[in-house]
Amino acid sequence: MVRTPLTPWERERGERLGALLRVARGARSMVEVAAAAGLSAETLRKIETGRAPTPAFFTVAALAGTLGLSLDEVATLATPPEAADEDAVA
């Protein structure tokens, strides 16, 4: 199976998601948060650094729950502003 290359928007969204999770994690260790969410530290590291810009929904949901974020917050804060503006117009 060949994976379709990500668009610039998808890459930016992944970077924004990673930054949001890093900020929400705060001083907690990556290992601690990953374990609480049922993930490996390497998976969390890849998401936070943007190397896994399109994690599965349940992965994002587990991280959001562990970090005390709502899925609405995650969706809003991880969406690049240009895309949010286009959605408002549509």
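Residues are classed by relative accessible area as buried (under 20%), exposed (over 50%) or partly exposed (in between), with a 1.4 Å probe and protein chains only. By this criterion A36 counts as exposed, because its relative accessibility is 55%. The structure is a predicted model, in which local features need pLDDT of at least 70 and side-chain atom pairs count only at pLDDT 80 or more, whereas totals for chains, interfaces and linings use all residues. Residues are numbered from 1 along each chain as its sequence is written, and side-chain values use heavy atoms, with hydrogens and water left out.

A36 lies in helix α2, where helices are DSSP runs of H or I with at least four residues, numbered from the N terminus.

The interior was examined for nonpolar cores, each a set of buried Ala, Val, Leu, Ile, Met, Phe, Trp, Tyr and Cys residues joined through side-chain atoms within 4.5 Å. The largest such core has 17 residues, and L17, L21, L44, L63, L69 and V74 are those with the most contacts inside it. Two or more residues are given to this core by each of the helices α1 (8–25), α2 (30–37), α3 (41–49), α4 and α5 (71–78). In soluble globular proteins, nonpolar side chains tend to be buried together. With contact taken as heavy atoms within 4.5 Å, L21 meets I47, E48, L63, L67 and L69 when its neighbours within four places in sequence are left aside.

In one of them, the side chains of E48 and R25 meet at 2.8 Å, N to O. This pair links distant parts of the chain, with E48 in helix α3 and R25 in helix α1, 23 residues apart. Both E48 and R25 are buried.

E42, R45 and R51 are linked in a network of salt bridges. Within helix α3, E42 and R45 are three residues apart, about one turn of the helix, and their side chains form a salt bridge of 2.9 Å, N to O. The side chain of E42 also meets that of R51 at 2.9 Å, N to O. E42 counts as partly exposed because its relative accessibility is 34%, and R45 is likewise partly exposed, at 35%. R51, with a relative accessible area of 53%, is exposed.

A search of the whole structure finds one aromatic pair, the criterion being ring centres of Phe, Tyr or Trp (its six-membered ring) within 6.5 Å, with planes under 30 degrees apart counted as stacked, over 60 as edge-to-face and the rest as tilted. The rings of F57 and F58 have centres 5.1 Å apart and planes at 80°, so the pair is edge-to-face. F57 is found in helix α4 (residues 57–67), and both F57 and F58 are exposed. Together with L71, these residues make a nonpolar surface patch of about 360 Å². Such patches consist of residues with over 30% relative accessible area and no salt bridge, nonpolar side chains (Val, Leu, Ile, Met, Phe, Trp, Tyr) being joined within 5 Å and like charges within 9 Å.

Terms used: Accessible areas come from the Shrake-Rupley method with a 1.4 Å probe; for residues, only the protein chains shown count as cover. A salt bridge is a side-chain nitrogen of Lys or Arg within 4 Å of a carboxyl oxygen of Asp or Glu.
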